[in-house]
Structure formats: structure tokens, C-alpha cells
Amino acid sequence: MYETTHRQSLATLKRSENPKDRVEFEDEMPPSVESIEPPDVLPLLPLRGVVLFPLMWLPITVGKPRSLRLLEDVIAKKQRTIALVASRDPDLEKPQAKDLHQVGVLARIHRLVRQQDGTMRLVLNGLERVRIDAIQTAEPYLQAQITVIPDIIAGDITEQALAKAGQDLFAKLVNLSPQLPDELVSAVRNVNDTRQLAYLISASAGLGLDDCQDILETDPLTDKLTKLNALLKSEVEIRDIALQIQSDAQSEMAKAQHDFYLRKQMESIQKELGEDNQQAVEINEIEERIAKAGMTEEAEKEARRELDRMRRMPVQAPEFSVIKTYLDWMVSLPWQKRTKDNLEIDHARHVLNEDHYGLDDIKDRILEFLAVRKLRHERKEDTETHAVPADMIRRDREGVILCFVGPPGVGKTSLGLSVARAMDRKFVRLALGGIRDEAEVRGFRRTYIGSMPGRIIQSLRRIESRNPVFMLDEVDKLGRDFRGDPASALLEVLDPEQNNEFRDHYLDVPFDLSEVFFITTANWLDPIPGPLRDRMEIIELSSYTDQEKVKIAQGYLIPRQIRENSLRPTEVDFSTEALFRIVHEYTREAGVRTLERRIGAVCRKVATRVSSGETASVMVTPDVIPDWLGKPRYFDESSERIEMPGVAMGLAWTPTGGQILYVEATAMPGKGRLTLTGQLGDVMKESAMAALSYVRSVSAEYGIETDWFEQHDLHIHVPAGAQPKDGPSAGVAIATAIFSLITGRSLRHSLAMTGEITLRGRVTRIGGVREKVFAAHRYGLSTIILPEHNEVDLEDVPENVRSQMRFLFAQRVENVWEHALCDEVTQPPPPGLAEEDE
């Protein structure tokens, strides 16, 4: 058998040779393995993509300069024995020592032919396994110190049984593999030497490079045969399954050919009838698109069912266009199209810092959210590559839904854009404000004329990705009427446990939304229904301080307005003092939208000058601001308004951020009636009545005559009457305004207060402390009275704001009056205040 293989290799090489090729040397028969004593150091020829086994023959072609130099020296020295070892990476052009396996083969060159193209072809005979102990030289070619490691052969019955099993498995593999000749079975059956049998099967079975190298390195021969049989069994099973798949495919092809024949007959009949063949063209095109769309099994089944209906009806049928539109939607959806996520935390941090100033807490929360997603994906990959208990294999939620809540202009939408850019995902925004129809979310049923999918599906089709960052803007402004409740429809969309099978009414098949990164935005949490709010993680974005607004203007707004107005950075510049004046006197907002408009107005005026031929650079200073923007729009009138008794300054938390709230009270002769004006809501009306009741209950303690309230009417007014007002935090300000009016003691300057009042005079905890403090800071106030239990909320206020203000904490209303009211009477009170005893 050994001689036969040698003759076959030589014959194969000779048939492929050119008559002009020159044979350098050739042995008629190889010497025995025992007769060869290799030197300790041998030339080392790396093999790419192939492993040579002992007792096997291998014809190869050598063309690399380093390998050709090795063979030239072999020819010159007439040294036929070399070492061969497989490269770990077959694609390396010039492998080094670290790129080679440690175990190779001692081989002898039996025939070497120099070809016309400069390459050399040779036939190699593997002799014994060798171990590469050290690389002696790397240039001009590799030379290695080797140690021969013969195979350990037991020769027992177990070894023979494994060899017999290997012969049987190889025979099955040949029968299942058309590319393996049947003669290999006879050749393997005729081999009696178990070692040669193992290597012959390994070289002939078409095993992978790593598997061949593993077999070469395995010792003893019993383990080698065991491993070889396992690989053969796996290959047999794979080929068996492939054969079954091929058989099934041929059956399906036969059915497809039968259907094709019938369709051709149908086309011929239609042609004879004079019907237009455009229908068949459209149907075939849609069928091809269905096959390529990558739909789920249920969706493809529904699409093909509708296609069959479409095929059987004439083009003139009204439902033909309805089905065609439906199928166009089905094949256009991104069933399998997705973008690759970039979950590198450093990259995300760089993007967020580049796009937004400040917001450190918000950025940290977003980075934590992305870090959890990254770990989930890594753990999922580990689960797929390692065996895990069955009870742990389930579909993991992609994570909670983020909801950015804050006043307008604080960067909610731009944060969503930054998240998409950080993750390398596409971004799509859907404005929910004013939507009242549930079908806008779930889609319209196909029973209606002009039906369409909901906006969720429409947006995914437009963006052509199944895993975008999807921003649902203004979720707090959803409407509700007889057409349904869109907020309830969003429950399924925003529930990670359900949205993997979101069923649009128009499609009527499930579509997986679990890979979509949903982000919602809102100005106000109260209008959001509780079940919908429960599905989202709330991240609050507060108002910006004046210093933050100036920094944002310098780093983001001014460069953007310079670009949008076609200016150069050298043509206009804003001083820091000018920006502070714009913030104080021309804007009064939580965000920076109005500030950007004011900066844009200045840039447009500069652009007008430049286009008129003026080339001098413009420096915008505080003195020239009125020339560019006109008279200031906002003034600090707090000190003027509270000079008179009966006026208190409260703090409110609105969807547009924190606001100053003036509460005015006046009295006139009457019969004890209470009038409330200023578009107050029910909660504020109840606060006013509670405040009045408490002031009356303690009037005697402060020298107020008991019949004063029966002889006077009270009118409480909250200015800016065009704006509705409500909320549970105005009780303290109303009670203080009433008490100030009756006692004739005005409030201290630059002081505001917030808190709710009980009938027993306790000051209760309120919300929105951060926004209210920012509002007071924006208006230049220096002192704020807060409920005692809200002291912990000051931790959310930046240190630079806290350091500029004084905070007083009240447990009862009397504590508020003690801190807020002046000690002396600033204006005579209405008649009825009893004089205090000396």
C-alpha cells in the first residue's frame, strides 16, 4: 500500500508537468523510516492550509522566495530531509516562529521539478512526527532544532477494534460524499498497519486544518483513533443531514417545476383570451420580494395567502389594489435589516460630552443604561457559546424604556440624537402631541378604505432598520376621545415583555419591536397615565442656571448660529458679560431656545453688515445689546411689588420649568366673602380656603378682632390671569399674603416661599424643589423658605447655586411669618386690628 501511494503521487505530478520543466532529482523508491537518522537542526518549511502525516505522500508547489531559497540549498547540499510544520493562520504570507504549530513531520523529498514559471513542484513523504524545540535561524529561511517523537503504539485488541470502527465509518463517509472516490474504501480496507490506517483516513477524509493538526499531535495511537472516529462520526451525520436536505430540496424543486408548468399554461390561456399579462409580472415580482424579505414564518404565510388570492382575481377587481398595497407594506418592512451596535462606553461618553454641556447626572444614567445593555449582549453571547441549564434559557428583556422629563429647551430631543450617534443606530422621532386616535399607534384595520399601518410601523419602514433609537416625543400631550386611548395602545409598544410580538391592526401579523431602543419625552409627568408611567424609567432634566446657559451659548449656540448665518468665527464675538445681559434681560426660560434666537438675531444683523461691505470684526458687549436687540424685555420688579402689605412671592413648578408666583390680597368692607381670581384650579382654591381658615383660627393670638372677618370681604388674586394655575404648593404664600394684609407688615425683600398648609398650620412637603430654586435664582432672589421635610431635596441643587442663596426651613406657618414678615408695620392695616398693650 505504501509503494502504491508513492507511485500514484509521482504519476499525478508527472501528468501535470510541462515537457520543458527540469527534474532536479528523483528517487525510485523511498527508504525505510528506520534507515533515516535526521540531524538535530533541519531546514523548516511552513505549510499553509495543509497538514502532512507520517507515512503519507504530499505533492506541493513552492513559490515564495524564502521557501525557494530553502530548496535551492537542499539541491546544492543534496540534503533530502527537511521538517514541515503547519502554519496557524493559512493567510500569513511569511509566518514566523510564533505563527507555527509546535508539532510537525520529518519528511523526505523524493522528486523535485523546477518549472518554467520559477516555481518548484515536489513530492514529499512523511516519515515521523517531530517537535520543534527551538528556531536556530530565521533568515534567509527558518532552521529549527527538532526532536523525533514516534507514535506510541499499543498493538492490543482495543487498538484493532478502534481501527476496524474507523474503516467502517470512513466507508459510510465515502458513500455519502460524491467527491470521494470509491477506490478509497478498498485502499483503506487493505491497510493492516493501524498507524498507517489512522493517517491514511485522516489525510483522505477532508477534515479541517485544526482537526488534522489535533490528530497529528495526539498520542498514543489509541487516543488518536478515538478522536478520529469521533470526527468521522460527526462528518457522517453532517453528510447524512445534507443528503436529506438535498433530497427534500429536489422534491420541492419538482413541485416548483410542476407549478411553473401550470402557470405557463395559465399564461397561455390568458394570452388567448387577450388578457393583459402585466398582472403576472407584478405577482412574480412581489413573490420574489416576499422570498427575500426575511419575514417570520407567520408573516410569510399570511403574505403568500394574500398573494394567492391576488393571483386568482382580475386586475379590475377593487380588492386587487388593496391586496397589492398590503403586500407592498409587508415586503418593505425591515424584518431582518438592522445596524450593528456600538456599545463602547468611552465612545458614548465622548459623544455626550461633545453634544451637551453639564447634565452630568443625566449622562451618567445614560452611560449606566448603555453599560447594562453591553453586559447583557456579552452575557448572551456567552450563553450561546457555552452550555447553560435549560431553565435559564429564555428571552431576556432589552431593558426599561427611558423617559426624559423636563421643561422645553433643556435638550431632551438632542439627548436622544446623541444616544443614537453613540450607539451607531439610526434615529427616528415621532411627535405624539395631539394624537387622539388609537389607530395612529396600532394602525387601521383593512376593512376601511385607505387603511394604513400605525405610525410606529410607518416610521420603521421609512428608517429601514428594526433596531433604531425611536423617540416618542411629547408623550404627556396624548389626547383621548371616542376613537380610543392612544396611551393605552402604547402600553404594548413600551412593554419589553410584550413588544416582541407587536401586532399592528393593518398588518395583522406580529412584528418584533424588542430591538428598538424607545425613548420618550415629556414636559410634565402628571398627565401620563400611571400604567404607562410604570413602564418607563424617569430621568428628569432640570432648568439650566445662568452660568450653564452662558457656557452652552459659548460652546454650542454661538458656533451653530455663526454657521447657519454664513459667518466666519473671526467676524463676530460675544463677551461673557454680554451673554449674561442677554440671559437676564432678554430671556426668562428654563432652557436655551429663546437665548439661541436672540444670539441668532445678533448674528443676522452682523451678516447684514458683512454683506454690505463692512469687514471689521464685531465684538458684542453689554453696552451695545440694546442697539442689537432693542429694549430689555424683562425687569426685576420683585422688590417693588412686595413693598406693600398683602403681597407674597411664591414658587411654582410648571411644565415650562420653575416660575415666580405673586399672590396679592386686599380687603374691603363687606360680609366676609372670599373672592379668588387668576384662573386658579380646584387645588389652589382649596389651599386659599384652608389658609384663610387657619389665619382666622389664630387671629386672636395676633391681636386681630374676632369680627374683622365678618366685616370685610377678602379678594385674593394671582396675576397673569391668562395662564391657568393649579398645584398643591401655594398654601403658605396665600396664608402669608392674608396675614401680611391684616397685620400691615410687608414681606422682606428678595424672599420667596413654597409649601402647602394644613388646617392645623403645618407646612407639608412639596415637589419640584430643584426647579423652584432655579427659578428663584434666575429672578435674583437671595432667600427661600421651604418645608422642613424638603431639606434633603437641596442635594439635587448644584453647589454653585446653593452657595449664592439662603435657605430657611419651616415646620409651621408661624415659622414662615417669623422669617418672612418685617418686624415693624409698614402700612396701617385695615380697621379691626386691636392695639397691643404697652
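Start by selecting Leu 45 and Leu 84: in this predicted model, Leu 84 of strand 4 is the bridge partner of Leu 45. Now widen the selection to residues 81-86, which make up strand 4, and you will see four bridges joining strand 4 to strand 2, with the two strands running parallel.

Next, colour residues 41-47, the whole of strand 2. Six of its seven residues are buried, so strand 2 is largely enclosed by the rest of the structure.

Select residues 297-312 for helix 9 and residues 318-332 for helix 10; their axes come within 10 Å and cross at roughly 155°. Angles over 145 degrees count as roughly antiparallel, and helix 9 and helix 10 are therefore roughly antiparallel to each other. Their crossing is left-handed. To look at the contact itself, show side chains on both helices: helix 9 contributes Ala 299, Glu 302, Ala 303, Glu 306, Leu 307, Arg 309 and Met 310, while helix 10 brings Glu 319, Phe 320, Ile 323, Lys 324, Tyr 326, Leu 327 and Met 330. Colour them by class and you will find nine nonpolar, five charged and no polar residues.

Five strands form an open sheet with parallel pairing, in the order 9-10-13-8-14. Pick out its edges with residues 427-431 (strand 9) and 536-540 (strand 14), each of which pairs on one side only. Turn the view to follow the twist, which averages 25° from one strand to the next. Inside the sheet, strand 10 and strand 13 pair in the parallel sense over four bridges; zoom in on Leu 472, whose bridge partner in strand 13 is Thr 520. Then show helix 15, which packs on the sheet and touches strand 9 and strand 10; its direction makes about 150° with that of strand 9.

Last stop: select residues 486-493, helix 16. This helix is mostly covered, with six of its eight residues buried. The buried ones are Pro 486, Ala 487, Ala 489, Leu 490, Glu 492 and Val 493. What do the buried residues of helix 16 pack against? Show the surroundings and you will meet helix 14 (439-442), helix 15 (455-463) and helix 17 (530-534), along with strand 10 (469-473), strand 11 (502-503) and strand 13 (517-522).

Terms used:
Residues are numbered from 1 along each chain as its sequence is written. This is a predicted model: local features need pLDDT of at least 70, side-chain atom pairs count only at pLDDT 80 or more; totals for chains, interfaces and linings use all residues. Side-chain values use heavy atoms; hydrogens and water are left out. Axes are lines fitted to C-alpha atoms, for helices over the stretch in contact, and angles run from 0 to 180 degrees between N-to-C directions. Angles under 35 degrees count as roughly parallel, over 145 as roughly antiparallel, 65 to 115 as roughly perpendicular and the rest as oblique. A crossing is left-handed if the near helix is turned anticlockwise from the far one by less than a right angle, and right-handed if clockwise. Contact means heavy atoms within 4.5 Å. Ala, Val, Leu, Ile, Met, Phe, Trp, Tyr, Cys and Pro count as nonpolar, Asp, Glu, Lys and Arg as charged, and the others, Gly among them, as polar. Buried means under 20% relative accessible area, exposed over 50%, partly exposed in between (1.4 Å probe, protein chains only). Two strands pair if DSSP finds at least two bridges between them.
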